[in-house]
Amino acid sequence: MTQTKAPREQSAQQRAADVREGAEQWMLAYRLMLRIRFFEEQVNDLYRTARMPGLAHLYSGEEAVAVGVCQALRPDDYITSTHRGHGHCLAKGASIDRMFAELLGKEPGYCRGKGGSMHIADQETGNLGANAIVGGSAGIATGAAFSSKMLGTGQVAVCFFGDGALGQGVLYEVMNMASLWKLPILYVCENNLYNEYTHNAETTAGSMLARAQAFNIEAEEIDGQDVRLVYATAQRLVERARRGDGPGFLLANTYRFHGHHVGDIQRTYYRSKEEEEYWKAERDPITILGNWLLEEHVADAAQLERIRSEAQEEVTAGVEFGLNAPFPEISEVTEHVYA
Amino acid sequence: MSTPSVVSSQSSQAGTGQMREVTLGQAIRETLAEELRRDPTVFIMGEDVAEAGTPFKVLSGLVEEFGPQRIIDSPISEAGISGLGVGAAMTGMRPIIDIMFGDFIGLAMDQIVNQAAKVHYMSGGKLRVPLVIRTTLGATRRTAAQHSQSLHAWVSHIPGLKVALPSTPYDAKGLLKTAIRDDNPVIFFEDKMMYQLKGQVPDDDYTIPFGVADVKRAGTDITLVATSSMVQIALAAAEQLAELDISAEVVDPRTTTPLDKETLIASAQKTSRAIVIDEGYERYGVTAELAAVIADGAFYYLDAPVKRLGAMDVPVPFSPVLEDQTVPTAEAVTQLAKTLCGRV
């Protein structure tokens, strides 16, 4: 399961044209990944300084998957997310300030503070919600794809989940139906190697990719740290699904830089410090894209630094908004139980 | 329905057209057909719902009129179809998911309890789940422990779900229309033994609001609160009691969530005695909740403790002689009512 696909060899001329054409998009991808990284580091800080209730599962290290996939989507395409969902929400267009407000249980949060870190939903950006049940949103995403097909809207649904969800039966139930009925959906498996605190070698038999292939779903395994590759692969699978050619399955190999959640600090019993250091030093998706932008002369170091400080400022302003926002009225506790 | 003194209120939004006799199964089928015609976003998905029309034949003929795009045979995947229903409901459709036997909702419980029930609340009121899950309850069909349970208490327990339990063709039609038009997830339980029960329904369109109990028979001496399959049992008991000069009032809540507490309490206040009869397991069941509501609201009017009759707390056995012991009977209701009225 370690095979990854490299971008095809191209002529120098073709490559230069691709770089020019993609320049704006990759600069945006760089900005979006930094936004997610700084957001997550800020969340970690809020937790460590006891300013945030509950817990949070950080997406740092996996940014290229959310950003690459969401860049392949239309604004009205649907996503469903996971307990490790901040990156998906931001990549699909959620605003930093309302995200922080939600994480802090505040009234201007995306769910009026009722959902919190694990349940952010934002209808306006097509985000049908993060889900705290592993594999829990597989049905919802498939249902959204079903609606798209029934209503003829041309929308595609993307279902993000981790390798842990491969242990959930409902995922296979809905992948079967999606293939039977050629639903416009992309299942994105973010393989970060660990089901919470257990390596997936202990939990997952056989081939991950073959699980999807058994349903006749178009499946690809890629290096999830290369945002350009994620985008190119997702783009192909998304457009294929949109045309009515059936669902796709994208297995993106990635790594979470933090523990399972913010409180998971002592983790040497399940993964080594050396492994973590290797991924941070050699496989950081932001560094990988940044180096490429420099090598291809899309940007210089000063430009990248400017993006970095702007992203940091956005996050700082966002957390201030969240911290200063009011809590919901107590009377809201009984609101929204029923529509 | 053979009881001559039925005074069903057939409440507020009742149809007034020409009445005609249909079975409960027919009432369900024609309601689904009418809603499928009325609203193009309605579709039905489940195991054997199309050509087979389900094992109970309740859906026979629908696929011929509406086609396989809207009457969809699914794989045997209760969790998958329920989850797909939730997502479709969140994105513009009004799915009706058919779970053949109520016993199978265990397979779909995460989708019902953690997804459908919570999406609206967790999203701060932004997302809606106009989903209907139709399923069955009821024993005595000789189908043993995994095809005979009445598990509506499970879902009645969960905030965010609504639960409807029709006991007549008239109620089935009006409640199912309300369920389909409701913007919340509704679990709709049909007693599989009552599909052949006949009753009058009007020709024109009508709905029955949720949370409005129906007095199926008026009385003065004792209140029999009964749900779904147990309404006919209670009505039969009321006939037996009438012969003993005991006037029983039969009240059908029709929905457990929302619950019309006022009508239950008012009836018990009037009669001063109450028995709650429901086919779910008695322990921690619907009878417990309804009895608590009555005890709390009518305490100072009661001449006897509120009593409960539910299914025996055993897995439903296959052998007919054993199975018949497990569900409340009219005779059991009558006997208990006599005791409460001091007529041993």
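With which residue does B:R254 form a salt bridge, and how far apart are the closest N and O atoms? In this predicted model, the partner of B:R254 is B:D171, and the closest N and O atoms of the pair are 3.0 Å apart.

Chain B is divided into domain 1, covering residues 22-202, and domain 2, covering residues 214-340. The C-alpha centres of these two domains of chain B are separated by 26 Å. Where the domains of chain B meet, 28 residues of domain 1 are in contact with 27 residues of domain 2. About 2100 Å² is buried between domain 1 and domain 2 of chain B, and carbon and sulfur atoms give 56% of that area. Three residues stand out here: B:R142, B:L165 and B:S167 supply 26% of the area that domain 1 of chain B buries against domain 2 of chain B, more than any other three residues.

On the side of domain 1 of chain B that touches domain 2 of chain B, at least two residues each come from α6 (152-156), β6 (162-164) and α7 (169-181) of chain B. By residue class, that side of domain 1 of chain B has 14 nonpolar, nine polar and five charged residues.

The interface of chain A and chain B comes next. Here the contact draws on 37 residues from chain A and 42 residues from chain B. The two chains bury about 3100 Å² between them, with 66% of it on carbon and sulfur atoms. How many salt bridges does the rule find across the interface of chain A and chain B? The count for chain A and chain B is zero. Polar contacts are found, however, with 13 residue pairs across the interface of chain A and chain B, both residues being at pLDDT 80 or more.

Among the elements of chain A, α5 (138-151) and α6 (169-180) each supply at least two residues of the side that touches chain B. The most is given by α5(A), which brings nine residues to the side of chain A that touches chain B. That side of chain A is made up of 20 nonpolar, eleven polar and six charged residues.

Key:
Residues are numbered from 1 along each chain as its sequence is written. Chains are lettered from A and ligands numbered from 1 in the order in which they are written. This is a predicted model: local features need pLDDT of at least 70, side-chain atom pairs count only at pLDDT 80 or more; totals for chains, interfaces and linings use all residues. Side-chain values use heavy atoms; hydrogens and water are left out. Domain bounds come from an automatic or database domain assignment. Contact means heavy atoms within 4.5 Å. Buried area is the accessible area (1.4 Å probe) that two parts lose on being put together, summed over both. A salt bridge is a side-chain nitrogen of Lys or Arg within 4 Å of a carboxyl oxygen of Asp or Glu. Helices (H or I, at least four residues) and strands (E, at least two) are DSSP runs, numbered from the N terminus. Ala, Val, Leu, Ile, Met, Phe, Trp, Tyr, Cys and Pro count as nonpolar, Asp, Glu, Lys and Arg as charged, and the others, Gly among them, as polar. A polar contact is a pair of N or O atoms within 3.5 Å; within protein, one must be able to donate a hydrogen and the other to accept it, and residues adjacent in sequence count only if both atoms are side-chain atoms.
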